[in-house]
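Good morning, and thank you for joining.

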Amino acid sequence: LFNSRWQGFWKQAIRDTLAAQKATIWVLYYQGQPIAYEWMLRQGDCAIDLKGDFDREFAGFSPGNLLLWHAIQHGFKTGASEFDLLMGGGDYKNRWATDRYQLDELLIFNKSLYSRVWYKILSRQDQIRALYQSLNQVMVYFK
């Protein structure tokens, strides 16, 4: 259920939040095997859906949606008045959400070459966009 590249990071993050008793992990099993999970953090009356995933083999049965439904139901029964599905798209968020809002975006990079390249690209998006528009104007001129 975890991308092996990030597995260590997520396992440690989950351990830390569970140890602080601020998070819950919901796991859906089929024939003794985990097929979906939801990792929820609780901050006062807000439940935050930090991460969820499911086994693609069972996608037709929507195990992630089933598990999220149970987590949301439990959250409201235990005093949550808001669920934050965090950033990113996803059709499932449109099914569950009643409101949208944009907060600041935080990108964290490690020191690998790959991360440094992406940092340079993302930190210069406005300049890249302006260059792209200029190149398009030049291309129109030569057509």
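How many residues lie between strand 1 and strand 2 in their hairpin, and which residue in the turn has a positive phi? The model is a predicted one, and in it two residues separate these strands, with Gln31 in the turn showing a positive phi of about 50°. Gln31 belongs to the loop between strand 1 and strand 2. With a relative accessible area of 68%, Gln31 lies over the 50% cut-off and therefore counts as exposed.

Strand 1 covers residues 23-30 and strand 2 covers residues 33-43. Their pairing is antiparallel and runs over eight bridges. Within this pairing, Tyr30 is placed opposite Gln33 of strand 2.

Strand 2 also has strand 3 as a partner. Strand 3 spans residues 46-54, and its pairing with strand 2 is antiparallel, over eight bridges. Here Gln43 is placed opposite Cys46 of strand 3. These two strands make a hairpin with two residues between them, and in the turn Gly44 has a positive phi of about 60°. As a general point, side chains in a regular strand alternate between the two faces of the sheet.

One further backbone angle deserves mention. Ser62, which is not a glycine, has a positive phi of about 50°. Ser62 sits in the loop between strand 3 and helix 2. Its relative accessible area is 34%, so Ser62 is partly exposed.

Rolling a probe the size of a water molecule over the atoms shows where empty space is left. The second largest pocket holds about 160 Å³ of space. Its lining comprises 14 residues, and those closest to the pocket centre are Thr24, Trp26, Met40, Arg42 and His74.

Next, the aromatic side chains. Across the whole structure, the search returns two aromatic pairs. In one of them, the ring centres of Phe76 and Phe83 are 5.2 Å apart and the ring planes stand at 70°, so this pair is edge-to-face.

Arg56 is positioned over the face of Phe54, 4.3 Å from the ring centre.

Finally, a position in a loop. Leu107 is found between helix 3, residues 91-96, and helix 4, residues 113-123. Its relative accessible area is 44%, so Leu107 is partly exposed. How far apart are Leu107 and Leu68, in sequence and in space? They are separated by 39 residues in sequence and by 26 Å from C-alpha to C-alpha.

That concludes the presentation, and I thank you for your attention.

Technical notes
Residues are numbered from 1 along each chain as its sequence is written. This is a predicted model: local features need pLDDT of at least 70, side-chain atom pairs count only at pLDDT 80 or more; totals for chains, interfaces and linings use all residues. Side-chain values use heavy atoms; hydrogens and water are left out. On a 1 Å grid over the protein atoms alone, a cavity is a set of points where a 1.4 Å probe fits but cannot get out, and a pocket is an open set with protein on both sides within 12 Å along at least five of seven lines; lining residues have an atom within 4 Å of a point. Grid points are joined across faces, edges and corners, and a volume is the space filled by probe spheres set on the points. Helices (H or I, at least four residues) and strands (E, at least two) are DSSP runs, numbered from the N terminus. Rings of Phe, Tyr and Trp (its six-membered ring) pair if their centres lie within 6.5 Å; planes under 30 degrees apart count as stacked, over 60 as edge-to-face and the rest as tilted. A charge sits over a ring if NZ of Lys or CZ of Arg is within 6 Å of the ring centre and within 35 degrees of the ring normal. Two strands pair if DSSP finds at least two bridges between them. Buried means under 20% relative accessible area, exposed over 50%, partly exposed in between (1.4 Å probe, protein chains only).
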